[in-house]
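These are my notebook entries on a structure that I had not examined before. I set down what I looked up, one topic at a time.

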Amino acid sequence: MMTHQKARLTTRNLCQCLGAFALLLSASSTAAGADASFQELEQQGTLDKQEPARADDGKNYPRLVLHGDYRFLYGKGRFHADVPQGLGGPYRRVDQDHFRAEQRLRIFPFLETSGSTSIRTMLEDKRDRKDESRRQRLKLSRLYVQHENAHTKLEAGRFNYYLMDGNVIDKRINGLRFRTGDIDWPQGSLAVFVGRTTDEPDKQKDGVSLLWKKRLGKMDASAAYLDFRQREDLPASLPKLHKSGIKAGRDGFDRQHIASLAAHYHPTEKWELGLEVLHSDGRHSADDYRESERGFVALVQYGVLDEARAGSFSSWLRYYDQPSSSTLYPTMDADSTFFRRQGFRGWGMRADYIIVSGLSCAVEGFRLENRSKGAQLRAMHEYILGTSVTAYF
């Protein structure tokens, strides 16, 4: 671990730091890229979007309901950056390629105790055919109680927290989420969350958030605010590089405040146009680093996907322009951590198609680059292309 010192930065020290940064770049592409580049765009699944049952629906309780899916994913990624060889020296391009072939089985056993209350779990098994160290045998991934009626919804336990198209957060958490109202009500709906992420103890984050949604004719409007902090302050990353003007470090932030305003317009049933505006503030005390920046995500979507209807499809195109402090655990299948504190901008696109009822395929790709550039770091680029086949049961 490096200590944060105020010593004079010499030419030799800077060259040593730049060399370390080049090595870190390559290591980051291998580790973070392999872990984050091809995660599934989850959106909590269609199971959580079903209308709540009524207490007088005529069904016998308690009862056990099983759902599940099986997915095979194949993807390739390429990362490269121009890194200086020394103080005032030439730049050298560092390249790293990645390949993923992964199988995943998920089973959702729901114990419904009444028409409005259920105990929900998820069992998950992951098999990475290229890296046995990343294989995960069948284990309990989620366990929470859900109560929902026409006025409120309450979730408590370990569940997935997906917010604002997933470019801000898509993460398993331990906590409580309460929603009151509905998007069609005059006042809209308001959801309050408080909880903790499920990382290792020294990487866990405590957080609270507010989310308001309202439907206005063909327009859906939403506003969100999140406040997340590390339970333990992060160590210094590369303070000497920071002193030289390089926004180095890939250890994130001790605390992040994120505000989001979004509007989605539906001119027809199949078309959707969206714009999300972000303002974020993040700080890392050990590096004496803080940023307060704005960004946005623009969306064009076409199609209506129905897993039970063969031939249905959906596609979207997004443009991202986000500071690094605006992401907590993004779901996008690209690896935003590759860009560290530079932030990122670029394009993403995806298409889903239902082959037969309960069987879908998807193709997704990203082309991203660093949002800001310094005197010691010119260009960082990332290219991701993946496809998957998913069976629902």
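**Entry 1: salt bridges between strands**

I looked up Glu-112 and noted that this residue is buried, with a relative accessible area of 16%. The model is a predicted one, and I read every value below with that in mind. Glu-112 forms a salt bridge with Arg-63, and the closest N and O atoms are 2.8 Å apart. Because Glu-112 lies in strand β2 (residues 91-112) and Arg-63 in strand β1, the pair ties together parts that are 49 residues apart in sequence. I recorded Arg-63 as partly exposed, at a relative accessible area of 28%.

I then turned to Arg-106, which forms a salt bridge with Asp-69, the closest N and O atoms being 3.0 Å apart. This pair also links distant parts of the chain, since Arg-106 sits in strand β2 and Asp-69 in strand β1, 37 residues apart. Is Arg-106 buried or exposed? I found Arg-106 to be buried, with a relative accessible area of 6%. Asp-69 is buried as well, with a value of 3%; the cut-off for the term is under 20%.

**Entry 2: a further pair and a network**

I noted a salt bridge between the side chains of Arg-93 and Asp-95, at 2.9 Å from N to O. Arg-93 is partly exposed, with a relative accessible area of 42%, and Asp-95 counts as partly exposed at 41%. I also found one network, in which salt bridges that share partners join Arg-71, Arg-100, Glu-102 and Asp-128. How many salt bridges are there by this rule? The count comes to 22.

**Entry 3: a nonpolar patch**

I searched the surface and found a nonpolar patch formed by Leu-64, Leu-66, Leu-111, Ile-119, Leu-140, Leu-143 and Val-145. Together these residues have about 610 Å² of accessible area. I asked which elements supply at least two residues each of the nonpolar patch. They are β1 (63-84) and β4 (136-148), and β4 gives the most, with three residues.

**Entry 4: cavities**

I noted that a search of the whole structure finds two cavities of 30 Å³ or more. The second largest cavity has a volume of about 30 Å³. Its lining consists of Asp-165, His-264, Gly-274, Leu-275, Glu-276, Val-297 and Leu-299. The elements that give two or more residues to this lining are β11 (271-284) and β12 (289-304), with β11 giving the most, at three residues. By class, I recorded three nonpolar, two polar and two charged residues in the lining of the second largest cavity.

**Entry 5: the backbone and a contact**

I reminded myself that most residues other than glycine have a negative phi, and that most peptide bonds are trans. The peptide bond from Tyr-61 to Pro-62 is cis, with omega near -5°, and Pro-62 is found in the loop between α1 (11-36) and β1. Asp-288 has a positive phi of about 55° although it is not a glycine. Asp-288 is found in the loop between β11 and β12 and counts as exposed, at 59% relative accessibility.

Last, I looked up Thr-198, in the loop between β7 (189-197) and β8 (205-216). Thr-198 is buried, with a relative accessible area of 18%. The C-alpha atoms of Thr-198 and Ile-173 are separated by 5.4 Å, with the two residues 25 residues apart along the chain.

Conventions:
Residues are numbered from 1 along each chain as its sequence is written. This is a predicted model: local features need pLDDT of at least 70, side-chain atom pairs count only at pLDDT 80 or more; totals for chains, interfaces and linings use all residues. Side-chain values use heavy atoms; hydrogens and water are left out. Patches are made of residues with over 30% relative accessible area and no salt bridge: like charges are joined within 9 Å, nonpolar side chains (Val, Leu, Ile, Met, Phe, Trp, Tyr) within 5 Å. Accessible areas come from the Shrake-Rupley method with a 1.4 Å probe; for residues, only the protein chains shown count as cover. A salt bridge is a side-chain nitrogen of Lys or Arg within 4 Å of a carboxyl oxygen of Asp or Glu. Helices (H or I, at least four residues) and strands (E, at least two) are DSSP runs, numbered from the N terminus. On a 1 Å grid over the protein atoms alone, a cavity is a set of points where a 1.4 Å probe fits but cannot get out, and a pocket is an open set with protein on both sides within 12 Å along at least five of seven lines; lining residues have an atom within 4 Å of a point. Grid points are joined across faces, edges and corners, and a volume is the space filled by probe spheres set on the points. Ala, Val, Leu, Ile, Met, Phe, Trp, Tyr, Cys and Pro count as nonpolar, Asp, Glu, Lys and Arg as charged, and the others, Gly among them, as polar. Buried means under 20% relative accessible area, exposed over 50%, partly exposed in between (1.4 Å probe, protein chains only).
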